[in-house]
There are 2 protein chains.
Amino acid sequence: MTLDQETPWLDRQQQRSWRAYLVGTTLLMDRLDRELREQHHLSMAEYEILVRLSEAAGNRMRMAVLADSVSHSRSRVTHTVSRMEAAGLVARDACLTDGRGVEAVLTEHGHAVLAEAAPTHVAGVRRMLVDLVDEDDFEAVGRVFDTVADALVEGNPAMDIR
Amino acid sequence: MTLDQETPWLDRQQQRSWRAYLVGTTLLMDRLDRELREQHHLSMAEYEILVRLSEAAGNRMRMAVLADSVSHSRSRVTHTVSRMEAAGLVARDACLTDGRGVEAVLTEHGHAVLAEAAPTHVAGVRRMLVDLVDEDDFEAVGRVFDTVADALVEGNPAMDIR
DNA sequence: CAGGGCTAGTTGAAGCTTTGACCATTGCCT
DNA sequence: AGGCAATGGTCAAAGCTTCAACTAGCCCTG
């Protein structure tokens with residue numbers, strides 16, 4: 001990669017965009033998390049896991065796949081799932097085809113909690129983001145972070161430093 | 001605000017954009033934070049505070065103003081500044097005009113650390129985001145999160161639930 | 001089929017953030 | 001002036017995330 005003296009600064013517009021993104025993301029995530037906690041006793045991390053499981057075949061997923069799909073560390077998912085298990089939202093199940101594996105399974109209760117939480121969460125995402133902004137601009141956000149995610153996803157050496 | 005049954009789901013495209021944003025942001029923040037920590041022993045929160053102070057008149061800022069400018073809670077800024085103070089990056093100073101107030105001041109060392117960290121941090125932001133995406137798309141990101149931040153910034157009752 | 005190396009997942013400690021209580025000071029209102 | 005609500009900042013405790021081992025099972029090679 002380039003040396004430091006070759007790295008151009010961000011121009012005025014880029015700087016503005018970058019800071020707006022930082023501040024906006026901080027406020028947005030904060031609020032969505034807070035709403036989920038207050039109304040449904042769920043963190044956003046827990047909510048995302050419920051969503052992923054509900055979309056998975058058999059409502060079950062290997063821990064590692066789950067971790068990758070939400071882009072959280074395995075350790076983090078282990079802890080989060082443990083808390084959710086204690087709350088009866090998911091269960092753990094040994095994987096039949098791989099003795100090392102563990103699957104997280106959505107319980108009845110987890111399904112019910114998700115069904116309750118989803119509409120209000122979606123409403124929040126709309127109210128604070130989607131319905132506020134131009135549709136094309138929001139698609140641009142999708143393109144930008146698709147690109148970022150692709151570039152940063154596990155094992156892309158092009159993104160390593162120097 | 002609208003009732004739940006009136007809230008339409010996100011359409012396919014919106015859903016894709018929303019998830020890309022979540023995943024991309026998670027990966028990006030993770031990496032930027034890691035780079036800053038490994039190369040300069042700074043968290044992103046600390047880095048942002050250094051930047052804000054370096055731009056402030058007299059390199060000093062009231063705690064509350066600082067907190068607002070990075071959109072972090074006051075408590076969080078208190079803790080972060082305490083750690084930075086222990087590391088010699090900033091100093092605390094009583095506010096002359098308001099007996100309740102405290103000002104954070106950038107030290108020589110803090111200035112030096114920022115001068116070292118900034119180029120590599122900017123390089124990271126470019127490498128993993130700015131240089132990867134279409135310029136117009138990135139401006140759209142700026143518009144979107146400007147709007148979000150405006151809507152969510154302290155004391156906008158329109159964004160409250162129901 | 002034994003060994004080494006890899007992958008899956010967990011664990012506990014350390015670190016950061018949030019929450020809520022708390023105290024001091026200030027500004028407003030009468 | 002005197003009382004009282006609001007503001008600024010801090011702190012301790014609780015919660016979540018990260019980090020660095022660690023266990024166990026898989027797979028490849030000799």
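**Figure 1. One cavity in the predicted model.** The structure holds one cavity of 30 Å³ or more. The model is a predicted one. How is such a space found? Rolling a probe the size of a water molecule over the atoms shows where empty space is left. The volume of the largest cavity is about 40 Å³. Leu32(A), Glu35(A), Leu36(A), Gln39(A), Thr120(A) and His121(A) form its lining. Two elements of chain A each give two or more of these residues: H1 and helix H5 (108-128). Which element gives the most to this lining? The answer is H1(A), with four residues. Sorted by class, the lining of the largest cavity has two nonpolar residues, three polar ones and one charged one.

**Figure 2. The largest pocket and its lining.** This pocket has a volume of about 970 Å³. Its lining counts 29 residues, and the closest to the pocket centre are Thr25(A), Thr26(A), Met29(A), Thr25(B) and Met29(B). How do the lining residues of the largest pocket divide by class? Eight are nonpolar, nine are polar and 12 are charged.

Figure 3. Leu28(A) is part of helix H1 of chain A. Is Leu28(A) buried or exposed? Leu28(A) counts as buried because its relative accessibility is 0%. Now look at Val125(A). Along the sequence, Leu28(A) and Val125(A) are 97 residues apart. In space, their C-alpha atoms are 8.6 Å apart.

Figure 4. Follow strand E3 (residues 102-106) of chain A. This strand is mostly covered, with four of its five residues buried. Strand E1 (residues 60-62) of chain A pairs with E3(A) in the antiparallel sense, over three bridges. In this pairing, Arg60(A) stands opposite Val105(A) of E3(A). Strand E2 (residues 90-94) of chain A also runs antiparallel to E3(A), and five bridges join the two. Which residue of E3(A) stands opposite Arg92(A)? It is Ala104(A).

**Figure 5. The surface near DNA strand C.** How many residues surround DNA strand C? There are 22, and the closest are Ala64(A), Arg92(A), Ser75(B), Arg76(B) and Arg83(B). Take the atoms of DNA strand C within 4 Å of the protein: 73% belong to sugar or phosphate, and the rest belong to bases. For Val102(A), a backbone N or O atom lies 3.0 Å from a phosphate oxygen of DNA strand C. In chain B, a polar backbone atom of Gly99(B) is 2.8 Å from a phosphate oxygen of DNA strand C. The elements that give two or more residues to this surface are H1, helix H3 (63-70) and H4 of chain A, along with helix H4 (74-86) of chain B. H4(B) supplies the largest share, five residues. By class, the surface near DNA strand C has three nonpolar, nine polar and 10 charged residues.

**Figure 6. The surface near DNA strand D.** Of the 23 residues around DNA strand D, those that come nearest are Ser75(A), Arg76(A), Gly99(A), Ala64(B) and Arg92(B). Sugar and phosphate make up 76% of the atoms of DNA strand D that come within 4 Å of the protein. Bases take part in contacts too. An N or O atom in the side chain of Ser75(A) is 2.6 Å from a base nitrogen of DNA strand D. In chain B, a polar side-chain atom of Ser75(B) lies 2.9 Å from a base nitrogen of DNA strand D. Arg83(A) has a polar side-chain atom 2.9 Å from a phosphate oxygen of DNA strand D. Elements with two or more residues on this surface are H4 of chain A and, in chain B, H1, helix H3 (63-70) and H4. Which element gives the largest share of the surface near DNA strand D? H4(A) does, with five residues.

Key:
Residues are numbered from 1 along each chain as its sequence is written. Chains are lettered from A and ligands numbered from 1 in the order in which they are written. This is a predicted model: local features need pLDDT of at least 70, side-chain atom pairs count only at pLDDT 80 or more; totals for chains, interfaces and linings use all residues. Side-chain values use heavy atoms; hydrogens and water are left out. On a 1 Å grid over the protein atoms alone, a cavity is a set of points where a 1.4 Å probe fits but cannot get out, and a pocket is an open set with protein on both sides within 12 Å along at least five of seven lines; lining residues have an atom within 4 Å of a point. Grid points are joined across faces, edges and corners, and a volume is the space filled by probe spheres set on the points. Ala, Val, Leu, Ile, Met, Phe, Trp, Tyr, Cys and Pro count as nonpolar, Asp, Glu, Lys and Arg as charged, and the others, Gly among them, as polar. A residue is near a molecule or strand if one of its heavy atoms lies within 4 Å of it. A polar contact is a pair of N or O atoms within 3.5 Å; within protein, one must be able to donate a hydrogen and the other to accept it, and residues adjacent in sequence count only if both atoms are side-chain atoms. Buried means under 20% relative accessible area, exposed over 50%, partly exposed in between (1.4 Å probe, protein chains only). Two strands pair if DSSP finds at least two bridges between them.
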